[in-house]
Structure formats: C-alpha cells, structure tokens
Amino acid sequence: MSPQNSPLTPLQHLRFGYGTNGLADLRLDDALSLLAELGYDGVGLTLDHMHLDPLAPDLAARTRRVARRLDALGLSVTVETGARYVLDPRRKHGPSLLDPDPGDRARRTDLLVRAVRVAADLGAHAVHCFSGVLPEGTDTDTAWKRLAEALTPVLDAAASAGIPLAVEPEPGHLLATLADFHHLRRTLGDPEPLGLTLDLGHCQCLEPLSPADCVRAAAPWLRHVQIEDMRRGVHEHLPFGDGEIDFPPVLAALAATGYQGLTVVELPRHSHAGPHFAAHSLPFLRHAERTAVTASNHPAPALQQAAPPHGAPSATPEGSSTP
C-alpha cells in the first residue's frame, strides 16, 4: 500500500508544535517550558527582538544556550523568519526580498542566511520564509527576478548547512499560492534545498483545492507545516473551531504523506492570551487526529467534495503596513 493511500494508525502520530510569535509576551525560556509541559513535540521559533534576536551580539553563544534548553525539554524546532519589525521599526515585514533598494534586499537576505546558521546550530528541521508584498511601481517580472536573486545566497547557505529552506505562500504576497511556489521552483532550476511551508489556513483561504487536497498536492516539497483555523476568502488566523476547516481529513492526508516535520500552530494575533490558546490547541488537534484514525478504520462510501469557489482574501495581507 502506498503512503498516499495507507490508513492513519495510532502509531503514525503527527508532531505538533506552537509558534513563539503567538507567545510574544513570554520570555523565550518560559515559552519553551510551557510548551514542553503542555505536551507539544516542538516549537516554531520566530527570530525576533524578544526571542533569540538575530541581530544582537553573541548570537552563536545565545543559540547554543537555546539548543541546550530545547534538548533538555525534548522539543524539536523549526526556525521561522516572519517577525514584523525585526529589521525596520517603521515598516512591517520590511525590507523584503522584493524591495527596490538592492541594499535593503541584501539586509533581508542576510537575515535569512543568519537564520540558516541558527537552524543548523539548533538542529532545526527547516527554515521558513516568505516573499513579501509586491512593491508599488514594481512589475511582477521584475519582482520574480529580484526574489530569485535574493534567495540564491540563502539556498547556497541552506545547501551547505543541510537545512531545507521552506518558502511559504502568503495571501497578498507575490508568492501567494502553491502555483506561485512552483513558478519560483522552476525559475530557480528546482534546487534541492528549496522546499515548501504549507499553511493549512491559507489553503482554506484562497487555494482552488480543499486543504486536504492541497496537502496531497504539496507532499513532495513539504518541509514545514503551519496550522490554524480560517474562513474562505478572509486572511485571518483563527483559533480552532472559529473557522471553517474540517480538520480530521486534513490531518489524515498529512499523516498519509509520511511528513515527519512539525505541524506548528500559528496564532500570532492571539499572543495576548498565548498560554490559553496553547493549552487549548493541542487537545483539539489530538482529538481531530483520533477522529481521523477512527474514520480510516471505518471508511464511509467515497463522496466527491467540490472545492469552495475561488475568492481573493478580504483581510489585510500580513506584509502590509497596518497592524
């Protein structure tokens, strides 16, 4: 039986983590301790001024301390690079890999190269990044060229470190969909270190396929997964149960791919109550996983579920200048 069609069994548990961008009011050590106590398998570590600042002095020494703490707590890690103001206190997610100023693009590239080094020192299974919003006055062909050129040194560093670079399709960005990821992959010549971050909420938000079908389509390139609830056409990360996603089929599809990395809860706008949402998210996901197991052991007659109609997200994209 192939991995795509094999049933989900209790021995094939997914590995869940929680993103530190949803625990921004906690010290990093407190956040890691909390996640270990709650039973998470790992953490999506966003490099930011409050959590392993990538631009502060003694980064290597601070990284070694975090690595020891992760090891002591038994937590796996993915390095994420979506901090809002880590490079510029006035521009959200700025500068980006698409910035018109070559020096500013180089600053973002340098941050990602630093992230690869941090990931190697932490034993992380991937480094996450995204493209950025198309700058005003920039045509798409120019933007794709900038993106490919800016990512080339990062991919070289990733190849040397043996750490995959997992690019995330982000609503409102130049690289917004799975189709856009494949465009980048072909533009770069399908480099081995280039992988995909799949945000399952984004699939619900704007992909033409259902989230479960997105997982199956993305499987060969899957290096990192983010998870939260979301509604069709609205880019708003929601706690589980507040959106429209039917999670058991999605988790069953993910387990069937053989994906071994972390599936990280992504609730950055709920940091004000981060411990509460961290405590409630893992039981929800484990229950959905058990439901998927039960369904696989008692299959119903197959029904063809139509994908929801394609629609553009109505919420402000994450790379915009608004909060």
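The legends below describe close-up views of a predicted model.

**View 1. The largest cavity and the residues around it.** A search of the whole structure finds 2 cavities of 30 Å³ or more, and the largest cavity, shown here, has a volume of about 70 Å³. The lining of this cavity is drawn from several stretches of the sequence, namely Thr 81, His 93, Ser 96, Leu 97, Arg 108, Leu 112, Cys 129, Phe 130, Ser 131 and Gly 132. Sorted by class, the residues of this lining divide into 4 nonpolar, 5 polar and 1 charged.

**View 2. The second largest cavity, with strand E6 and helix H6.** The second largest cavity has a volume of about 50 Å³, and the residues that line it are Pro 169, Ala 176, Leu 178, Leu 198, Asp 199, His 202, Cys 203, Leu 206 and Glu 207. Two elements each give two or more residues to this lining, strand E6 (194–199) and helix H6 (200–206), and H6 gives the most, with 3 residues. By class, the lining of the second largest cavity has 6 nonpolar, 1 polar and 2 charged residues.

**View 3. The second largest pocket.** The second largest pocket has a volume of about 360 Å³. Its lining comprises 27 residues, and those that lie nearest the centre of the pocket are Asn 21, Gly 82, Ala 83, Arg 84 and Pro 268. When the lining of this pocket is divided by class, 6 residues are nonpolar, 13 are polar and 8 are charged.

View 4. Helix H8, which spans residues 247–256, is mostly covered, with 8 of its 10 residues buried. The buried residues in H8 are Phe 247, Pro 248, Val 250, Leu 251, Ala 253, Leu 254, Ala 255 and Ala 256. Thr 257 lies in the loop between H8 and strand E10 (262–265), and Thr 257 counts as buried because its relative accessibility is 18%, which is under the 20% cut-off. A polar atom of the side chain of Thr 257 lies 3.1 Å from the backbone nitrogen of Tyr 259.

**View 5. His 182 in helix H5.** His 182 lies in helix H5, which covers residues 178–187. His 182 is buried because its relative accessible area is 18%, again under the 20% cut-off. The view also takes in Ala 218, which is 36 residues from His 182 in sequence and 10.0 Å from it in space, C-alpha to C-alpha.

Conventions
Residues numbered from 1 in each chain as written. Predicted model: local features only at pLDDT ≥ 70, side-chain atom pairs only at ≥ 80, totals over all residues. Heavy atoms only, no water. 1 Å grid on protein atoms, 1.4 Å probe; cavity = no way out; pocket = protein on both sides within 12 Å on 5 of 7 lines; lining within 4 Å. Points joined across faces, edges and corners; volume = space filled by probe spheres on them. Nonpolar A, V, L, I, M, F, W, Y, C, P; charged D, E, K, R; others polar. Helix = DSSP H or I, 4+ residues; strand = E, 2+ residues; numbered from the N terminus. Buried < 20%, exposed > 50% of the residue type's maximum accessible area, 1.4 Å probe, protein only. Polar contact = N/O pair within 3.5 Å; in protein donor to acceptor, adjacent residues only side chain to side chain.
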